[in-house]
Every structure is written in structure tokens, then in C-alpha cells.
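Colleague: I'd like to learn how to read the sheet, the cores and the ring pairs in a model like this one. Can you walk me through it?

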Amino acid sequence: MSAKAAINKAVFTPHDEKMLAAVQVKRRTKKKIPFLATGGQGDYMTFICLSVTNKKPSHVSITKVKQFPGSSSFAKRSMWTIDQLRQVNGCDPNKDCPEFDLAFDNAFDQWVAGSAGEKCTFIQILHHTCQRYSSQSKPEFVNCQSKLLGGNSILHSAADSVTSAVQKASQALNERGERLSRAEEKTGEMKNSAEQFSVTAHKVRHTHTHT
């Protein structure tokens, strides 16, 4: 089981919550330290998790979860509601980078994610969730690449592809319908021509017998 699946099962499922996203992070310091996927001696792993309650009305939380060395259990360290989130700073609007900052009413954290891709996924889902669930003033997203803030988050990319497929199918049906109606017109024209030919032939025969 992945760490994120384990966190969801251990921390959120017992409280009737569903984890929407999680990113493994380390604090940024002046002296850059290489990111370690597994904590060293006396070190611990930190995850920033985004979750929503299963019961309506939905409540969204951002939770800091830690896992200590030699332990398979997780501990909640801090938790904020989505309405306490004031700003998400992507640190660089022009390129992929793993750094990001989160500013809350009563806290400010500077993080570095395991990879730019992990940060990208987390911020995309966080932005979409804020648009959907924030009841008060929505948090500010600054220095974020435009792809992180697109109206269509990765949550909707699958839905978009389905919509696109439906539109294509609908368009194909319309085109087929137009082709069918054109075919019907041609059939009608042929039928009229056949009737006219029949009438003309009848007239010709009729004239021929009387002469």
C-alpha cells in the first residue's frame, strides 16, 4: 500500500473523510538540502493532505501529517479549514519547480515537494477544490504556472474527454443525418423523374395508338 493510501485509511477514513490529494514535503531552509524520499536517522516524513467530509454539507480541510522513523502509524500535527487558507505561492510562474508556500490565518509554511510533478498535481487539485468549496473569499494563488490554475483541473480531464467523445459522436450523427436527408432528397428526385418518365411514356404510347 502506498503511503498516501495508508494515510487515507489511517487518518481520514475513520473520521468519515475522503483524501483528495497529498504531497510529501520538507521545510525549505536557507541551506538547500537534498530531498530524501525516506527519512534519515531521527528524521520524519511530512505530508500536506487535502480532505473532504463524506457527509453534506462538505467541509474541506488541509492537514499536516507526520510519520516518524520506525513507525507505520501517522500523526496529525496541524489542521486548517479551506476558508483559513489565504494564499498559495507557486514560487515560479515560468517553470516547473517543487517549491511552494502556504499562508493561513495563523501560519506560514515554506515547503519543497518531492518533485515538481507532485507539487503540480497537489496545487491543481487544491485550486479546483477552492473554486468548488470555498464559501468565503477564495485564497489567492500567486506565482503559479497557468496550467496549474486552468478552469479544467486534472479532476475534469477525464470528464472533458468524455464530453469531447460525445460531441464528436453527436457531430458524426448530425453529418450522417444530413447525408441521409440528402439521400432521401435524391431518392425523391429519382422517384419524381420516374413518375414523369412514366407519364411521358404513357402519353407517347397513347399518341402512337391513335395515329
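This is a predicted model: local features need pLDDT of at least 70, side-chain atom pairs count only at pLDDT 80 or more; totals for chains, interfaces and linings use all residues.

Colleague: What order do the strands of the open sheet take?

Modeller: Strands of a sheet pair through backbone hydrogen bonds, either parallel or antiparallel. Here, helices (H or I, at least four residues) and strands (E, at least two) are DSSP runs, numbered from the N terminus, and two strands pair if DSSP finds at least two bridges between them. The open sheet has eight strands in the order S4-S3-S2-S1-S7-S6-S5-S8, with mixed pairing. S4 and S8 (140–142) stand at the edges with a single partner strand each, so one side of each has no neighbour in the sheet.

Colleague: How do S3 and S4 run, and how many bridges join them?

Modeller: They run antiparallel, joined by six bridges. Val65 stands opposite Lys76 in S4.

Colleague: Which residues have the most contacts inside the largest nonpolar core?

Modeller: A nonpolar core is a set of buried Ala, Val, Leu, Ile, Met, Phe, Trp, Tyr and Cys residues joined through side-chain atoms within 4.5 Å. Buried means under 20% relative accessible area, exposed over 50%, partly exposed in between (1.4 Å probe, protein chains only). The largest core has 26 residues, and Phe100, Leu102, Phe122 and Leu126 have the most contacts inside it. Its largest share, six residues, comes from H2. A second, separate core of eleven residues includes Ala6, Phe12, Met19 and Cys49.

Colleague: And the rings: how many aromatic pairs are there?

Modeller: Rings of Phe, Tyr and Trp (its six-membered ring) pair if their centres lie within 6.5 Å; planes under 30 degrees apart count as stacked, over 60 as edge-to-face and the rest as tilted. There are four pairs. Phe47 and Phe74 have ring centres 6.4 Å apart and planes at 75 degrees, so they are edge-to-face. Both Phe47 and Phe74 are buried.

Colleague: Why is the pair of Phe100 and Phe122 tilted?

Modeller: Because their planes are at 40 degrees, with centres 6.1 Å apart. Phe100 lies in S6 (residues 99–104) and Phe122 in H2 (residues 116–133), so this pair ties together parts 22 residues apart in sequence. Phe100 is buried at 0% relative accessible area, and Phe122 is buried at 2%.

Definitions and conventions:
Residues are numbered from 1 along each chain as its sequence is written. Side-chain values use heavy atoms; hydrogens and water are left out.
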